[in-house]
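Please look over the sequence and the structure shown here before reading on. The briefing after them goes through the model topic by topic.

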Amino acid sequence: MANKPAPPRPAPRLYLATPEVDDPSQLATHLPELLAAADVAAVLLRLKQTDQRTMIARVKTLAPAIQNAGAALLLDGHVELVARAGADGAHLNGLAALEDALPSLKPDRIAGVGGLATRHDSMAAGEAGADYVLFGELDAKGQRPSTEAIAERLQWWDELFEPPCIGFAASREEASEFAAAGADFVLVGDFIWTDPRGAKAALIDAGQAIAQAHDAAFGKAKSGPDKSSPDKIGPDKTGHG
C-alpha cells in the first residue's frame, strides 16, 4: 500500500523588524494597514534606549495594532519589560542571553535567539528551549555571513531540527533565497522601511518573492495555515498561550 504523500509545506511567513522606535505614534498609525497587506507572523520591536517606564509606554502604544492583527509582538532584548508591557516574548542575542532569559519567559512567552556564530551554538540553543533560531543578522562589528553561507545554514537546520529557523534578509533577493533554502520565517527590516515606494509596497513585494521562491523549490503550498508546519512564531510553532 502506497504511503500517503506529505502535504505541501506552507510558504515562509514574514517577521517584520521595526526601525528603532522613539516616538511610536506614527508607527502605530501605519501598522494596521501594513500588517493587513501581507502575511506577517510577528513583529520585532526595536526600542530606543531610555528609562523603563517610557519604553513600556511605547510598547503598550504599539501592542494593539500588532496583536489585533494576529501577529506576535517580540521585543529586541529588554526581557525585563516583556511581561510588564504585555509583549509576547523577546528576541535574544547569543546563547548566554537566551539561557539567562529562559526562566522569566518560559513557558508562557516566546524566546527566540540570534547571534549564533557556530553550528554548536545553534544546536545548544535549540536544546535549551529556543522557540526559533535566527541566522544572518549583523554582528557587533556590522558584519554578516554571505548570502550563500546563510542559506546553507538554514538548509542544514531545516533538514535536521524541529524548532523553526528564520533567515535575516537584507534585500528582496535574499528573502527569495532564504525561502528556497527552507526557512520557516523570513525576517525583513531596514530595506522595507527605506523603500522609496513605501513600506506597504515593499512588504507586499517581499511576501510575493518569498511565495514564488518557495513554490519553485517545494511546489505550490496550500493557502492558509497548515498545522503540520509553522504557522506562528511560538513555543509549539502554532502560537502560544
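The buried residues of helix α1 are covered by a set of elements that includes β1, β2, α2, α8 (190-193) and α9 (199-218), where helices (H or I, at least four residues) and strands (E, at least two) are DSSP runs numbered from the N terminus. The buried residues in α1 are Leu27, Ala28, Leu31, Leu34 and Leu35, and buried means under 20% relative accessible area, exposed over 50% and partly exposed in between, with a 1.4 Å probe and protein chains only. This is a predicted model, in which local features need pLDDT of at least 70 and side-chain atom pairs count only at pLDDT 80 or more, while totals for chains, interfaces and linings use all residues. Residues are numbered from 1 along each chain as its sequence is written, and side-chain values use heavy atoms, with hydrogens and water left out.

**Overall picture and confidence**

- The protein has nine helices and eight strands, and buried residues make up 50% of its 241 residues.
- Of the contacts in the protein with a separation of 6 or more, 61% are accounted for by residues 24 or more positions apart, a contact being heavy atoms within 4.5 Å.
- The mean pLDDT of the protein is 91, and 89% of its residues reach 70 or more; pLDDT is the predictor's confidence in each residue, from 0 to 100.
- Over residues 222-229 the pLDDT stays under 50, and the model has 11 contacts beyond four places in sequence for this stretch.
- Residues 236-241 also have pLDDT below 50, with 16 contacts in the model beyond near neighbours in sequence.
- Where pLDDT is low, the predicted coordinates should not be read in detail.

**Helices α1 and α2**

- Helix α1 bends by about 40° at leucine 31, and proline 32 follows within four residues; the bend at a residue is the angle between axes fitted to the seven residues ending there and the seven starting there.
- Helix α2 (residues 52-67) has 16 residues and reaches 21 Å from its first C-alpha to its last, close to the 22 Å expected at 1.5 Å a residue, the expected span being 1.5 Å times one less than the number of residues.
- α2 bends by about 30° at threonine 61, and there too a proline, proline 64, follows within four residues.
- The buried residues of α2 are Met55, Ile56, Arg58, Val59, Leu62, Ala63, Ala65 and Ile66, and their cover includes β1 (13-21), α1 (25-37), β2 (40-47), β3 (72-76) and α3 (82-85).
- At the start of α2, a side-chain oxygen of aspartate 51 reaches to within 3.3 Å of the backbone nitrogen of arginine 53.

**Aromatic pairs**

- The structure holds five aromatic pairs, counted where rings of Phe, Tyr and Trp (its six-membered ring) have centres within 6.5 Å, with planes under 30 degrees apart taken as stacked, over 60 as edge-to-face and the rest as tilted.
- Tyrosine 15 and tyrosine 132 form an edge-to-face pair, at 5.7 Å centre to centre and with 80° between the planes.
- Because tyrosine 15 lies in strand β1 and tyrosine 132 in strand β6 (residues 132-135), this pair ties together parts that are 117 residues apart in sequence; tyrosine 15 is buried, and so is tyrosine 132.
- The rings of tryptophan 156 and phenylalanine 161 have centres 5.2 Å apart and planes at 70°, so this pair is edge-to-face.
- Tryptophan 156 counts as buried at 11% relative accessibility, whereas phenylalanine 161 is partly exposed, with a relative accessible area of 26%.
- Ring pairs link Phe135, Trp156, Trp157 and Phe161 into a cluster.

**Single residues to look at**

- Serine 122, in helix α5 (residues 119-128), is buried with a relative accessible area of 0%.
- Leaving aside neighbours within four places in sequence, serine 122 is in contact with Leu116, Val133, Phe135, Arg153, Trp156 and Trp157.
- Glycine 136, found in the loop between β6 and α6 (147-160), counts as buried at 7% relative accessibility.
- Beyond its neighbours within four places in sequence, glycine 136 is in contact with Arg144, Ile150 and Phe168.
- The peptide bond from lysine 106 to proline 107 is cis, with omega near 5°, and proline 107 lies in the loop between α4 (95-105) and β5 (110-114).
- Histidine 78 has a positive phi of about 55° although it is not a glycine, and its place is in the loop between β3 and α3.

Conventions
Polar contact = N/O pair within 3.5 Å; in protein donor to acceptor, adjacent residues only side chain to side chain.
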